[in-house]
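Hi everyone, and thanks for coming. Please have a look at the model on the screen, and then I'll walk you through a few spots in it.

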Amino acid sequence: MNVGSIIKYYRTKNNMTQSQLADGICSISHLSKTESNTYSPHPSTIEALLLKMGVQLNKEVEKHKQLTRLIEKFIDCSLYYDLDTMRQVYKQLEGQNEYIQSTDLVNQYELYKFRFYIYDNNLSKAEQQKKLLERMKASFLSPEYWIYQFFQSLYFTMTGEKTKSFELLDTLDSGIQSIPQKFEGEFYYQKARMLVLADRYELSAHFAELAVRSFQLHHNYIRLLHAQMLLAINYTRRNLIVQAESLYEILIRNTHLTNQTDLHNQTLYNYTELLRMKHAHYESLEILQSLKEKVEPSTYFHKAVLTSLVESMLETEQDATTQIQELKALSTKSEDKFFRIYVTYFEKRNFSQPDLKTYCEDIMFQFFRKNGYIKETKNVAAELATHYSAQQQWEKAYYYQSFWDENGGEWN
């Protein structure tokens, strides 16, 4: 423990000057060096300085041990995705925040607070924490700096800055040997996740499989479920239907048995993509209707479920007017443009096909392509390629077909 910082903490708390505290014990110069942790005085001097402020050294040593255990628990909760316990531990640590700032535990504490805010989807606090860590980074050890950069990549994913996130991950790839072994699974998982977003499914599957092995090795069963879900998405989008269906069956059962409600709902949502590929639209519709009632209203996930529900209703030739209007009413904020694009698309399906195709070409395709929605870009491109093929406009048909065929640098 940085005993000098502890002495300074209690001196400041007791409104004492260095002169007052040092009087009769040591020189002001020695006290100043002690407080800056550049000088280690005799244990009897430390004890005398603390006792003058009514503090016992042995109790401070025990307090430091307790805080060390609590921060280790905070970190373990992060690694094993025990978010409920992590919230409880966070409240305990926040009660000791001022004291922790005077200890050698401060770097780990502030780093994992950043991770906690990202897990908690608290953008404003995550942003504040990012700025704080930027000021602290000069004091980080090599593993701490690696973790700081890794958490930054998670933050950039959270804010939709996928390019920045991916660039950081590529930089970190060469330094993975400098981090604790327990962290490898997290790195592989994030890499696989970003590659899915980039439509690079084969490489994503490679990293997802590495994450699965790492999480299995460390008996990290909840994060194992997350990595398996990435694999199931990969299998689905690579048309490995049997493998995807087998994995989804396991995931649906195990997320239910482990009471991972959010993950269970996300698994069901992703499973409906597989069902639509199999043209099992009524089964997909049933799941999406159930999900719509269960997920928290007005959240991004709720709007995503509602969008997929409308698609399934239209595929089964059902009237989706009420659901379209509901999605429209929920998509009024500036960050809801993705959903507003879909609302207009759904509304135009009831009018002339030429008007719909013009909208797909001039608005949807351009928006999805510009903002990195690769899967949606490909789907619209496939629709336009089919349309122009039927019109025998081969140049345009080939142009849009090329977007459907290309797979993030990998080819189907």
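Let me begin with how elements are named: helices (H or I, at least four residues) and strands (E, at least two) are DSSP runs, numbered from the N terminus. With that in hand, find helix H8: Asn121 comes after H8 and has a positive phi, near 55°.

A quick word on where this comes from. The model is predicted, so local features need pLDDT of at least 70 and side-chain atom pairs count only at pLDDT 80 or more, while totals for chains, interfaces and linings use all residues. Residues are numbered from 1 along each chain as its sequence is written, and side-chain values use heavy atoms, with hydrogens and water left out.

Let's stay with H8. How far apart are its end C-alpha atoms? They are 20 Å apart, which agrees with the 20 Å that residues 106–119 should span at 1.5 Å a residue; the expected span is 1.5 Å times one less than the number of residues. Is this helix mostly buried or exposed? Buried means under 20% relative accessible area, exposed over 50%, and partly exposed in between, using a 1.4 Å probe and protein chains only. In H8, 13 of the 14 residues are buried, so the helix is largely enclosed by the rest of the structure.

Ser78 is buried, with a relative accessible area of 3%. Which residues does Ser78 contact, leaving aside neighbours within four places in sequence? They are Met86, Tyr112, Arg115 and Tyr119, where contact means heavy atoms within 4.5 Å.

On to salt bridges. The rule is a side-chain nitrogen of Lys or Arg within 4 Å of a carboxyl oxygen of Asp or Glu, and it gives 21 of them here. One joins Lys113 and Glu110, at 3.4 Å from N to O. Both sit in H8, 3 residues apart, about one turn of the helix. Lys113 is buried at 7% relative accessible area, and Glu110 is buried too, at 2%.

Another bridge pairs Glu347 with Lys328, at 3.3 Å from N to O. This pair links distant parts of the chain, with Glu347 in helix H20 (residues 337–348) and Lys328 in helix H19 (residues 321–330), 19 residues apart. Glu347 is partly exposed at 23%, and Lys328 is partly exposed at 41%.

Last one: Asp84, Arg87 and Asp120 are linked in a network of salt bridges.
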